[in-house]
Each structure stands twice: as C-alpha cells, then as structure tokens.
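Please keep the sequence at hand while reading.

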Amino acid sequence: MFALRVNDRPVLPAGGDGWVAPGRDDGPAATQATVVVDRRDGTAHIAVSGELDLANAKAVEQQILRGVGGGPTAVTLDLTGLRYIDSAGLWILFRLGRHLAAAKIAGEVVVPADGPVWRMVETAGVAAAIPVRPRR
Amino acid sequence: MPPPSDRTEFVHFTLPADAAHLCRLRHAMYGFLGALPLCPDRQDEIVLAVGEAAANAVEHAYRDQEPGVIDVTFWTEGDALCVQIRDHGRWREPSSGPQSVGHGLGVVLMRRLIDCVLIHHDHRGTTVLLRHPVHSPAPDSRPDVVPGAAGRPAGAHRA
C-alpha cells in the first residue's frame with residue numbers, strides 16, 4: 001500500500017478531498033516545437049525538436065511540408081530532439097510517408113531509441129508507412 | 001519523512017477542453033508520477049495514454065457546441081494507480097479509414113499502452129478510466145530507490 005506523495009509530502013492536505021490545478025511550475029504554457037530544414041545536394045533534412053501534440057500539429061506539419069517541397073530526392077525527418085508526440089503528431093508521419101511514396105521520394109524518420117516518442121512510433125506502427133530508424 | 005500512510009489520496013484538475021492545456025496536463029502528470037515507484041517507461045505510457053484521452057475530449061466532445069471542460073482525477077489504490085478523464089460533451093464513434101484523425105488511433109494507442117482501459121459514454125459525457133498496477137515498495141525502501149524511477153521526468157520534461 002502506498003499513498004500518492006510528491007517530495008515526501010502528501011499531495012493534498014490531510015483529509016483533503018481536493019482540487020489542484022496545474023500551475024505555473026508545471027512546465028511551459030503551450031506546446032512548443034522547433035522545425036529546422038537543411039537542404040543540400042537535393043536532400044532535405046528536417047529536424048523537429050520540442051514537443052508535438054494536437055495544439056501545434058497543424059503548424060508543424062505545414063513547416064515539414066514546406067521542407068519537403070521543391071522535389072528533393074530524399075527526405076530525413078529527424079525527431080531525435082523531440083520529447084513528446086501524440087496521435088495528432090503520429091498522423092503527420094503517416095501522411096508524410098504516403099506523400100513521399102506517391103512522389104517517389106526516399107524518406108525516413110529518425111527517432112530517439114527510447115522514451116515516449118519511440119514508444120508511440122513503435123506502438124502505432126509508423127514503420128508500415130515510412131522507414132523508422134532509432135538513434136541513440 | 002512522515003510515516004507511510006495507507007490512505008488513498010487523489011488529485012483532481014479541471015481543465016478547459018482546449019489543446020493549449022494539454023502541455024500543462026502532461027507536465028503535471030509527470031510531476032505526480034515521479035513520486036511513485038514506476039520506471040520511466042511506465043510513466044511515459046501513463047502520460048501518453050492520459051494525453052490521448054484528453055486530446056480526444058478536446059477534439060471531439062464539444063464540437064458544434066459551447067466549449068466545455070475536462071475533469072482529470074488521479075488516485076492510488078492499494079496496488080494500482082488510476083486516472084479518470086471525463087468530459088461532459090458528446091461521444092462520437094471513431095470514423096474508419098486512414099483519414100480519420102484523433103479518436104480512432106488515440107483509442108487504439110491507449111489500449112496498447114495500458115492494460116486496463118474502460119470507456120463509458122452516455123448523455124452526460126464520456127469517461128475514460130485507465131488503471132495501471134503498481135507494486136508497493138518494501139516497507140524499508142523508498143520509492144526513489146527503484147532504478148530509474150527518480151529524476152529523469154522532471155529533468156527531461158520540464159522546461
């Protein structure tokens with residue numbers, strides 16, 4: 001048996017039957033991601049870092065698609081700097097895989113070898129849509 | 001350190017059903033889970049599943065009606081931790097096909113990440129209950145001696 005404790009203190013006051021709202025100390029206010037596109041020799045290296053969820057998925061997908069434009073011969077989507085992804089982010093990977101296959105562009109997604117992004121990419125079966133390479 | 005307690009405690013948040021609040025919800029979840037004897041992979045699975053349940057509520061529950069809220073309740077039982085994610089809107093059956101967004105994939109992911117996922121919906125809204133077994137530490141050990149259970153989430157997930 002255990003009680004939920006944070007820093008050895010009960011989360012709630014004794015007898016508490018409580019209500020706690022996530023506050024200022026609970027991380028950034030909104031989901032933040034950075035997309036960096038590096039194009040050279042006909043290939044596009046697109047690095048997405050930060051966190052990716054329903055809040056920023058549309059904006060991130062637009063940036064990725066801009067990086068894919070212009071007919072590169074190969075695209076690497078580098079997620080090694082990504083700390084979180086949800087199903088809205090996974091859909092970007094499925095759609096990108098379909099888009100690249102239709103355009104006959106070689107593509108791959110590089111993911112951290114463990115942690116939440118790897119867990120989600122593996123659990124959702126993204127490799128069926130686009131090759132996935134884990135990197136430590 | 002206070003003596004161990006066998007009293008069940010719980011935490012309840014009410015969030016606007018708005019994608020802008022998903023980030024704070026998961027950072028708060030990592031904060032609570034960090035105190036429990038869970039390895040980082042299990043913490044990730046719980047936070048990811050809660051994120052999917054909350055994202056479904058954001059995306060679907062209040063479509064075509066007044067924006068509402070999501071109630072998240074997190075509590076411990078003797079050998080499990082439970083998270084309930086509740087909205088007060090309408091359930092929408094997942095549409096089929098690769099174009100369906102959210103919902104269908106979100107529910108599949110929740111069920112793959114967490115062994116026990118119960119989803120109940122009626123005219124009052126949708127409730128998702130996630131139940132994850134947790135093994136108590138031995139009486140003379142502290143949760144943070146579990147390998148990998150301490151430290152990482154705060155460093156890795158907080159700004």
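Chain B has a secondary structure of four helices and five strands (helices are DSSP runs of H or I of at least four residues, strands are DSSP runs of E of at least two, and both are numbered from the N terminus). The model is a predicted one, in which local features need pLDDT of at least 70, side-chain atom pairs count only at pLDDT 80 or more, and totals for chains, interfaces and linings use all residues. Residues are numbered from 1 along each chain as its sequence is written, while chains are lettered from A and ligands numbered from 1 in the order in which they are written.

Along the sequence, the pattern of chain B reads β-α-α-β-β-α-β-β-α. The five strands form an open sheet in the order E1-E2-E3-E5-E4 of chain B, with antiparallel pairing (two strands pair if DSSP finds at least two bridges between them). Strand E1 (10-16) and strand E4 (116-122) of chain B are the edge strands, each pairing on one side only. From one strand to the next, the twist averages 15° (axes are lines fitted to C-alpha atoms, for helices over the stretch in contact, and angles run from 0 to 180 degrees between N-to-C directions). Seven bridges join strand E3 (residues 80-87) and strand E5 (residues 125-133) of chain B in the antiparallel sense. In E5(B), B:Arg131 is the residue opposite B:Cys82.

Of the 159 residues in chain B, 42% are buried. Here, buried stands for 20 or more other C-beta atoms within 10 Å of a residue's own, exposed for 12 or fewer, and partly exposed for values in between, with C-beta atoms placed from the backbone.

The largest nonpolar core holds 77 residues, and B:Val50 and B:Ala54 have the most contacts inside it. Helix H2 (residues 40-61) of chain B gives the largest share of this core, 11 residues. A nonpolar core is a set of buried Ala, Val, Leu, Ile, Met, Phe, Trp, Tyr and Cys residues joined through C-beta atoms within 7 Å. Leaving out residues up to four places away in sequence, B:Ala54 touches B:Leu22, B:Leu25, B:Ile70, B:Val72 and B:Ile85 (contact requires C-beta atoms, placed from the backbone, within 7 Å).

## Chain A: helices and loops

In H1(A), the buried residues are A:Ala57, A:Val60, A:Ile64, A:Gly67 and A:Val68. They lie on the same side of H1(A), because they cover an arc of only 100° around the axis (the arc is that of the directions from the helix axis to the C-beta atoms). A:Lys58 and A:Gln62 are exposed on the other side of H1(A). The cover over the buried residues of H1(A) includes E3, E4, strand E5 (74-78) and H2 of chain A. After H1(A) comes A:Gly70, with a positive phi near 90°.

Among the buried residues of H2(A) are A:Trp91, A:Leu96 and A:Leu100. A:Lys104 lies in the loop between helix H2 (87-102) and strand E7 (106-112) of chain A. Although A:Lys104 is not a glycine, its phi is positive, at about 55°.

Methods
Two residues are in contact if their C-beta atoms, placed from the backbone, lie within 7 Å.
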